[in-house]
Amino acid sequence: MSRLGKWLIGVVAALAVVVLGAWLWLWFALRGTPSDIVNFHPTEFQAEAADAFFFSVGDELKYSSEIDPHAATLSRGHIDNFLVSPSRDKIAVVTGGTLLIVNADGSGIRQVAAVSSIYKNPKPIRRSFFRDDEFQWSRDSKHLYLIRDQYYESKGSQLYSDNGELWRYDLESGNSQLVVKPFPAYTYFLGKGSGVYFSVPTSAGDLRLRYFDGKTVKDIGDVGVWEVPRQEFGSDESPFFSFSARDFNQLFASGATFELGQSSAQEKLLLGNRRYLAFTRGEGIKGPFYCPALYNSLFLPGGRYFLLNVGCGNYDGQLLIDSETGGYERLPKDTRVYLALTTEDISRYRISGGGIMPN
């Protein structure tokens, strides 16, 4: 067969795949069944949380004790990643390839560094950059730790990079300082003083914990251990870690879950032990589904109001539920809430070879 004939066969095959995919999508779009909110009757009410918090409506970051789209805008830009300070009055955000620190009182925005992703494809080999993830606040909210790296040829990402360095940004001076290198880690937590604990891989692929006391590095616990005994840290040690909503979303939605009926025809939202909204089962190209999601869903400070994300046939967006009255209201499109959660807020966690994990 000629080269032209083979090319024509390839083109026809590719077109056939595209046509089949479009036909399947159209078939399921026409014949699929949406998942709906049962007896959807939203109301309007004033919902003031126990404390003020950061939130965004679209690309506008705000701070208030209620989700008020008319509250003062602190910064603009899509937030790709964030971490609220332990003091709750500052937030580190990644937006437009830059790591910023925004003050709740509107007094200013600090530009910490230009950042990039370890998942960038293709990689600009040998280019140095600060990572756009896994930054950490100090316990007193006066410093922000971040990882500096350099792109190199690797299979997949470079989580455990030999080029890694840990840096500390000082909010008072606006300067950044090298803490320790090499820093072949992506997860770490802080100890007393200038101590830093970080997890590094072994040649066998296991993780082990190491400790930097400001001068030297030593191993802590055994390789791949499920939980490092607390006596390994010393009686006066007080580990500190800020949990990321991206990595530990279940902590922020703790107390909320879903319950299936006997026939699985409906799914019900439970806040504590009380049932609230119900959702019908939908059918789509990937099979049965229900339209609510706990990802980026959470309780506002005080625990009375719960923000729930839904992608239902009769409503797509965010709902705010009053757990005392059972009422719920629609929120402005693309509403997100940003909260802080640290080891000082929860008591049940373990320290493994891979770092701090919630129990």
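Six bridges join β10 to strand β11 (residues 165–170) in the predicted model, and the two strands run antiparallel. Within this pairing, arginine 148 stands opposite glutamate 165 in β11. Strand β10 itself covers residues 143–150. It is mostly covered, with 6 of its 8 residues buried.

Two further strands pair with β10. Strand β8 (residues 128–131) is joined to β10 by 3 bridges, and the two run antiparallel. Here phenylalanine 129 faces aspartate 149 of β10 across the pairing. Strand β9 (residues 136–137) is joined to β10 by 2 bridges, again in the antiparallel sense. Tryptophan 137 stands opposite leucine 144 in β10. β9 and β10 form a hairpin, with 5 residues between them. In the turn, serine 141 has a positive phi of about 65°. In a regular strand, side chains alternate between the two faces of the sheet.

The overall architecture is as follows. The protein contains 2 helices and 28 strands. Its C-alpha trace spans about 75 × 65 × 40 Å along the principal axes. Of the 359 residues, 46% are buried. Among contacts with a separation of 6 or more, 48% are between residues 24 or more positions apart.

An open sheet of 4 strands was also found. Its order is β3-β2-β1-β26, and the pairing is antiparallel. The edges are held by β3 (75–76) and β26 (335–338). Each has a single partner strand, so one side of each is left without a neighbour in the sheet. The pairing of β1 with β26 is antiparallel and runs over 4 bridges. Phenylalanine 55 stands opposite valine 337 in β26.

The largest nonpolar core has 46 residues. Ile91, Leu300 and Val337 touch the most other members of this core. Strand β1 (residues 53–57) gives the largest share, 4 residues. Leucine 300 touches Ala49, Phe53, Ile67, Tyr305, Leu320 and Val337, not counting residues up to four places away in sequence. A second, separate core holds 18 residues. Its members include Leu271, Leu277, Val310 and Cys312.

Threonine 95 counts as buried because its relative accessibility is 13%, below the 20% cut-off. A polar atom of the threonine 95 side chain lies 2.9 Å from the backbone oxygen of histidine 78. Threonine 95 touches His78 as well as Gly77, Asp80 and Leu100, with residues up to four places away in sequence left out of the count.

Rolling a probe the size of a water molecule over the atoms shows where empty space is left. The largest pocket has a volume of about 340 Å³. Its lining comprises 20 residues. Closest to the pocket centre are Arg88, Phe299, Pro301, Leu339 and Ala340. The elements that give two or more residues to the lining are β1 and α2 (249–252).

Notes: Residues are numbered from 1 along each chain as its sequence is written. This is a predicted model: local features need pLDDT of at least 70, side-chain atom pairs count only at pLDDT 80 or more; totals for chains, interfaces and linings use all residues. Side-chain values use heavy atoms; hydrogens and water are left out. Buried means under 20% relative accessible area, exposed over 50%, partly exposed in between (1.4 Å probe, protein chains only). A polar contact is a pair of N or O atoms within 3.5 Å; within protein, one must be able to donate a hydrogen and the other to accept it, and residues adjacent in sequence count only if both atoms are side-chain atoms. Contact means heavy atoms within 4.5 Å. A nonpolar core is a set of buried Ala, Val, Leu, Ile, Met, Phe, Trp, Tyr and Cys residues joined through side-chain atoms within 4.5 Å. Two strands pair if DSSP finds at least two bridges between them. On a 1 Å grid over the protein atoms alone, a cavity is a set of points where a 1.4 Å probe fits but cannot get out, and a pocket is an open set with protein on both sides within 12 Å along at least five of seven lines; lining residues have an atom within 4 Å of a point. Grid points are joined across faces, edges and corners, and a volume is the space filled by probe spheres set on the points.
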